[in-house]
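Grab a pencil and work through these exercises with the structure open beside you. Try each task before you read its solution.

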Amino acid sequence: MARKLSALEILLIIFIIIVLAVDILLLMLLLEKPSGASFVPECPEIPESERIDCAPGQEVTEDVCRQKYKCCWKPVPDTAIPWCFFPRNWGYEISNRIENTSTGCTARLRRLPSPSLFGYDVIDTLFTAEHQTSNRFHFKITDFNNMRYEVPHENVKLFDGNADASNLSYHLEVIHKPFGIKIMRTSNKRVLLDTSIGPLQFAQQYLQLSMRLPSANVYGLGEHVHQQYRHNMTWETWPIFTRDATPTEGMINLYGAHTFFLCLEDTSGFSFGVFLMNSNAMEVTLQPAPAVTYRTIGGILDFYVFLGNTPEQVVQEYLELVGRPFLPPYWSLGFQLSRRNYGGIDGLKNVVNRTREAEIPYDVQYSDIDYMDEKKGFTIDGVAFHGLSDFAKELHQNGLKYVIIMNPGILNNSDYQPYVNGSRKGVWILGNKGFAVGQAYPGWTVFPDFTNSDCTEWWKEQFSEFYKTLEFDGVWIVSCYFR
């Protein structure tokens, strides 16, 4: 008969088991290699013009480049050319077969084993291709397992058509490993766009795709002050993230975000355009390969490619997708005069009279925020601008138009009628604890949520009501400046 173990013996056995488990765990940790540790970069003789920067915006040493990023390293005299650049075996691969659909094809992609540049890499992504029209090709890359933000657009809708495959002006070729695509013009077999020049990067807050182009005749992208229409392709990087900035020379980004570029292929006029539908902050690098690289910090990679026999046809295809621009009234093309702080109604009248007496062609007069009562929208400073309504009528009698500034930010005050009307309709942007409130020109301010249809109606009602007091011809709507 087995004897019973004492309490001390039981404790010793438990202790030995724990020590053994810890030893096994430590051994596993020692044997386990960190992500990308076994990765060996393939660095053939990549032409300098085709290097895709492995550390954009950073100055890295050879040790950091080779050991941390596992990228290729080769210094050159020209410091604009990347010294640390991607090898040929980064990116993703097609993890199963390509599935044909009624409009194109889909493929599941899996990230190739390699170091992580910024962390939180998306391992499985989905490539979707659509032959939308004979001259328009759409492809996007999304997270296979999770929903990500996609830009809602009033004109760009989900595609439910089916282009005639026998009439396409382009041909798609899919490269399996590393994943890439080539888009070729059917008539002359010219490769218009080839993403195999660089690796696809898809992390939670860093997305990147490069494209080799057939020509360095690249136009578009913005909004910036470009010194010429045709882009300089010698390693220029343009930021795209809307901000209020005075137009000036340099690489700074301005009011608009235009992620579209046009490439003139040759002297025949054949052209194509590329549009990325993504509203996150981004930058676009142009290099002499020629090639372009889009980098953005969120959303998805949602590209449209437009083909045309002329640049005009490409622009028409682009506008067919996103919508045509508003046709401005004829008078808005004339001379317009605007500044802030004219010195009240008397100063404003003096400027108008002086300009007319000098017989300067003159179509439009503006009023900046100083016409308002304490900088509140839909109000008039009854002291400094007493008689402004009569002045607007006088402008009309003399053939001039009148444009006023308006800020969407609304003073958070229950005695202020636009705030009362908006609160009644629930049109303000919501925060964690009710309406989001911030400091702007009039003080503590709430902000209209223009994705709400009730907000659109409220906004129109405020202008209609204010027009009964002040007969303006146009409105200069600006962002809600914070102070």
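Before we start, a definition: two strands pair if DSSP finds at least two bridges between them. Keep in mind that this is a predicted model.

**Exercise 1.** Work out how β26 and β27 pair, and which residue is the bridge partner of Q439.

*Solution.* Start with the strands: β26 covers residues 437-440, and β27 covers residues 443-446. Next, the pairing is antiparallel, over 4 bridges. Now look up Q439: its bridge partner in β27 is W444. Finally, zoom out: the open sheet has 3 strands, in the order β23-β27-β26. Its edge strands are β23 and β26, each pairing on one side only.

**Exercise 2.** Find the pattern that the disulfides follow along the chain.

*Solution.* First, the count: there are 3 disulfides. Take them one by one.

- C43 and C72 are joined, with their sulfur atoms 2.0 Å apart. A pair counts as a disulfide within 2.5 Å, so this one passes.
- C54 and C71 also have their sulfur atoms 2.0 Å apart.
- C65 and C84 have theirs 2.2 Å apart.

Now number the bonded cysteines along the chain, and you get the pattern 1-5, 2-4, 3-6.

**Exercise 3.** Is C72 buried or exposed? And what about C43?

*Solution.* Buried means under 20% relative accessible area. C72 has 2%, so C72 is buried. C43 has 40%, so C43 is partly exposed.

How values were computed. Residues numbered from 1 in each chain as written. Predicted model: local features only at pLDDT ≥ 70, side-chain atom pairs only at ≥ 80, totals over all residues. Heavy atoms only, no water. Helix = DSSP H or I, 4+ residues; strand = E, 2+ residues; numbered from the N terminus. Buried < 20%, exposed > 50% of the residue type's maximum accessible area, 1.4 Å probe, protein only.
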